[in-house]
Amino acid sequence: MIEIQNVTRDFKTDSASFRALSSINLKFQKGRFHTLLGPSGCGKTTLLRLIAGFETPTTGDILHNGRSILSLESHQRGFPMVFQSYALFPHMTVFENIAYGLRVRSTPSNDVRRHVEEIAEKLQLTEHLFKLPMQLSGGQQQRVALARSLILKPEVLLFDEPLSNLDSRLRVLLREEIRSLQIQNGFTAIYVTHDQEEAMSMSDHVVVMNHGCVMQTGSPEQIYFRPETEFVARFLGDVNILSPTWLSQISFSLKDLDFINSDPKNYSIAVRPEQIYLSTSENALKGRLLKKMFLGHRTRLTLSLHQQKLVADVPAQEATGLQTGMEIGFVFAPKETALVRPSQPDKTYDSILEPDL
Amino acid sequence: MAKTDSQIKWLRPSQLITFGLLLLLAIFVWWPIGSILKSTITTEAGFGFDHYRFALQSNSLWSPFKNSLYLGVTVGVLATLVGFILAYFTSFYRLPGAFLIRGLTYLSMVSPPFMLAIALIMLFGKQGILTQSFLLPLFNWAPEIYGFYGLVLIETLAYFCTSYLLLSSTFSSIDPILLEASYSQGASRMKTFWKVIFPLSLPSLFTSFLLIFIESLADFGNPLILSGNFKVLSVESYLKITGEYDTAGGSVLALALLLPCLLAYVIQKWVVSKKSFVTLTGKPSPSPRPQLKGLALVMASGLVVFTCLPILSLYSTVLFGAFVKTWGAGHEFTLLHIVNSLRETREAFLDSFLISGISAPISLVLGFIAALILLRSKASGKQLIEASSLLTFAVPGTVIGIGYILAFNDHPLLLTGTLWIIVALLAFRNLPLALQSVKNNLLQIDPSMEEGARSLGAGPTRVFAQIVTPLVAPGLISGFSYAFVKSITAISAIIFVVSGSWNLITVNILGFVETSHLSKASAICVVLMTLITVLLTSTQIFMPKERR
């Protein structure tokens with residue numbers, strides 16, 4: 001298990017000081033897949049590099065199995081890292097790249113060959129072993145980088161946005177591969193990404209970060225369906241944020257939410273587009289249809305009610321007869337919504353759901 | 001709450017090395033310059049400004065100072081202009097003869113810096129072949145090559161390469177998509193030139209002007225041969241010291257030479273380069289360069305040929321001069337000059353190669369260490385190393401040479417007359433070249449390569465030996481070649497520190513020129529350039545192939 005205790009990291013330039021991480025406390029359980037998720041500049045990469053030993057915390061401690069590892073240099077920690085740029089050694093063959101860690105550990109060359117061939121087989125690299133990295137495609141290069149780390153049978157493996165340079169098809173393919181390798185080998189993965197889909201599909205445990213702070217941690221389901229802040233709700237996907245004022249106009253009381261006890265002030269409600277359903281019932285809310293967009297498996301409707309725009313994703317066949325300008329009945333279930341604290345407005349991640357009227 | 005033990009451990013060796021390097025730079029770069037200053041304010045009474053007062057009164061300072069600046073500005077403007085025009089046409093258009101310019105830049109790198117002046121004398125001097133057989137008989141006119149105009153001509157031809165290389169790299173880093181964007185907005189080629197290309201290249205134009213200005217001021221070999229009655233600082237300070245034994249007077253002139261150079265360099269480094277728009281990140285998208293047609297093609301190629309041909313003919317003059325029996329009279333082929341001059345200068349040849357062979361590796365090793373400290377360590381004082389090494393670019397060789405004879409003339413570092421004063425001078429003079437070469441290479445290496453190796457368990461020594469060194473090998477090789485060639489062809493600084501027992505080949509060439517043995521001078525130039533070319537070609541064999 002890796003523990004981050006009260007870690008702060010300041011970067012000083014000539015004129016200014018910048019706090020990349022402030023008082024981080026985290027636990028990464030052994031053998032699980034952890035993701036650090038957040039927009040660029042949120043501190044996720046800095047945190048990963050602190051664990052790897054490429055940076056040192058300004059204050060705080062990092063423990064591995066209960067012992068501080070701050071006094072160990074990166075090469076003494078035994079946490080191989082997979083990089084966005086692959087970082088393969090261009091002057092060595094694929095074989096020598098994969099064998100590098102074993103050579104460092106003075107493994108007898110017979111064993112080196114056996115282990116390299118074994119892992120190359122597993123990652124479909126056998127036919128490329130004697131090529132130079134530049135002769136491989138991006139996907140193959142990242143497989144070599146994976147093999148190079150996996151061959152050491154590490155307890156902890158670090159990933160710094162390893163799939164960002166690949167095209168989307170390969171990305172999906174490789175993330176499944178990484179996840180199944182992690183399950184087979186049982187290493188602890190700490191994986192940095194800004195892609196929420198990647199985070200949700202791979203992880204056991206997601207850490208959402210922003211502005212150098214941890215915003216929320218939990219399973220992918222928890223952070224998707226029960227975001228605690230507007231920021232997390234928006235970062236994990238499209239969402240309707242409904243203010244208390246608007247909710248009172250439709251006579252929706254926060255007390256209706258069964259998962260809270262008191263009536264917190266100023267809290268909003270987050271409802272995902274797929275959690276809004278069309279309804280013909282008398283009690284349904286009535287909104288005007290502003291826009292209709294066919295997405296294939298779903299149809300996206302933009303509705304307006306009491307000056308609030310709402311986006312709903314409904315099954316395509318339900319939306320066939322609908323025309324813009326129509327009054328449409330819809331509902332959402334209180335128990336499916338989440339109660340969110342407003343967070344600082346963050347221009348970059350304002351979702352598409354708040355276009356200019 | 002461990003305050004990062006690891007960082008301190010990492011720091012310790014690099015901090016120590018940084019101090020060591022700074023100490024060396026202080027002794028071999030700054031102390032000599034300080035010694036010049038000291039000698040100008042030391043009088044018989046102890047301390048005073050008598051030397052300055054005397055220099056100003058006797059007019060021995062003011063007139064060469066004005067001449068040097070006048071020459072520097074003129075050559076700076078002309079050479080920049082020539083380089084700009086050539087770079088523009090070869091960068092943006094497909095032009096026959098572009099290879100000529102590349103050939104010239106190569107020749108100017110491997111030839112002794114005053115070789116064109118020799119050729120000029122052989123062609124247009126009083127006994128020159130063109131003067132005697134063409135100008136005098138037909139026009140009854142002998143051109144006056146000794147003085148301002150001859151110097152302007154030769155320095156412009158010698159230094160336009162600086163401007164050409166600088167502007168070519170600026171032009172090639174301008175993404176052609178910018179030009180296409182401009183055309184698509186309806187701007188003509190002319191308009192695009194004035195509104196897009198010219199403004200983007202303005203900082204490089206200034207840089208080029210300032211660097212050539214420094215080169216011209218620092219030039220020693222050409223003025224020594226050609227200046228005649230047009231006195232310039234570098235030559236005057238040399239004559240003061242070696243001719244009149246007036247060390248303090250020479251030092252005053254050397255300082256007067258140093259100041260404008262430093263000023264120009266500081267302006268270039270900290271003002272002009274900050275204004276540069278052109279970023280060198282990313283490769284510009286390749287776009288086919290248009291072929292000029294009709295009159296434009298004729299004019300552009302004419303321009304290239306018109307510039308290149310005279311220079312090429314100057315180089316060929318030296319080549320012919322080396323192999324014909326009597327220049328201007330009997331033009332039958334002979335190897336006599338080669339054989340004779342080699343016999344006379346055998347010692348100097350061996351000394352030159354020996355000394356460069358010792359000094360270039362020192363430059364390389366120190367440059368490599370300095371580059372690693374600059375880019376990969378957190379040691380304090382590294383900015384000082386960078387500033388020191390950059391500023392030495394701006395210090396004219398004459399100044400360094402005078403500094404060395406003043407600084408190492410006495411205990412505890414009595415080096416005068418030994419091999420080591422020449423070695424130290426060349427090693428530290430060329431250190432910045434090696435440093436830049438390694439640094440540029442190191443900048444291109446993704447730091448995650450080293451981090452990757454460390455995360456796989458490799459310690460600092462192993463990372464250095466197995467990852468960094470092989471990856472910067474091209475930079476090491478080119479840094480070494482550059483330092484070596486510069487050592488072999490150096491003249492301005494080392495002319496002060498050579499001695500009876502240790503002489504260098506470039507000094508011998510100058511000696512032949514002064515005694516009007518131009519055929520012998522040409523012969524050595526040709527042999528020297530051939531040897532350097534063989535050497536550079538053979539280092540290319542060690543150059544690893546492109547891996548990215």
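The structure is a predicted model, in which local features need pLDDT of at least 70 and side-chain atom pairs count only at pLDDT 80 or more, while totals for chains, interfaces and linings use all residues. Residues are numbered from 1 along each chain as its sequence is written, and chains are lettered from A and ligands numbered from 1 in the order in which they are written.

**Chain A overall**

- Chain A has 10 helices and 18 strands; helices (H or I, at least four residues) and strands (E, at least two) are DSSP runs, numbered from the N terminus.
- Along the principal axes, the C-alpha atoms of chain A fill a box of roughly 80 × 45 × 40 Å.
- Of the 357 residues in chain A, 39% are buried; a residue is buried if 20 or more other C-beta atoms, placed from the backbone, lie within 10 Å of its own.
- Among contacts in chain A between residues at least 6 apart in sequence, 67% join residues at least 24 apart; a contact requires C-beta atoms, placed from the backbone, within 7 Å.

**The largest nonpolar core**

- The largest nonpolar core holds 239 residues, of which I118(B), L425(B) and I494(B) touch the most other members; such a core is a set of buried Ala, Val, Leu, Ile, Met, Phe, Trp, Tyr and Cys residues joined through C-beta atoms within 7 Å.
- Helix α17 (residues 419-443) of chain B supplies the largest share of this core, 13 residues.
- Leaving aside residues up to four places away in sequence, L425(B) touches I400(B), Y404(B), A493(B), I494(B) and V497(B).

**The buried side of α4(B)**

- In helix α4 (residues 98-110) of chain B, the buried residues are I101(B), L104(B) and S108(B).
- These residues lie on the same side of α4(B), because they cover an arc of only 55° around the axis, the arc being that of the directions from the helix axis to the C-beta atoms.
- An α-helix has 3.6 residues a turn, so residues three or four places apart point the same way.
- The cover over the buried residues of α4(B) includes α3 (62-92), α7 (148-172) and α13 (294-323) of chain B.

- The axes of α14 (residues 336-376) and α15 (residues 382-392) of chain B come within 9 Å and cross at roughly 130°; axes are lines fitted to C-alpha atoms over the stretch in contact, and angles run from 0 to 180 degrees between N-to-C directions.

Terms used:
Buried ≥ 20, exposed ≤ 12 C-beta atoms within 10 Å, placed from the backbone. Contact = placed C-beta atoms within 7 Å.
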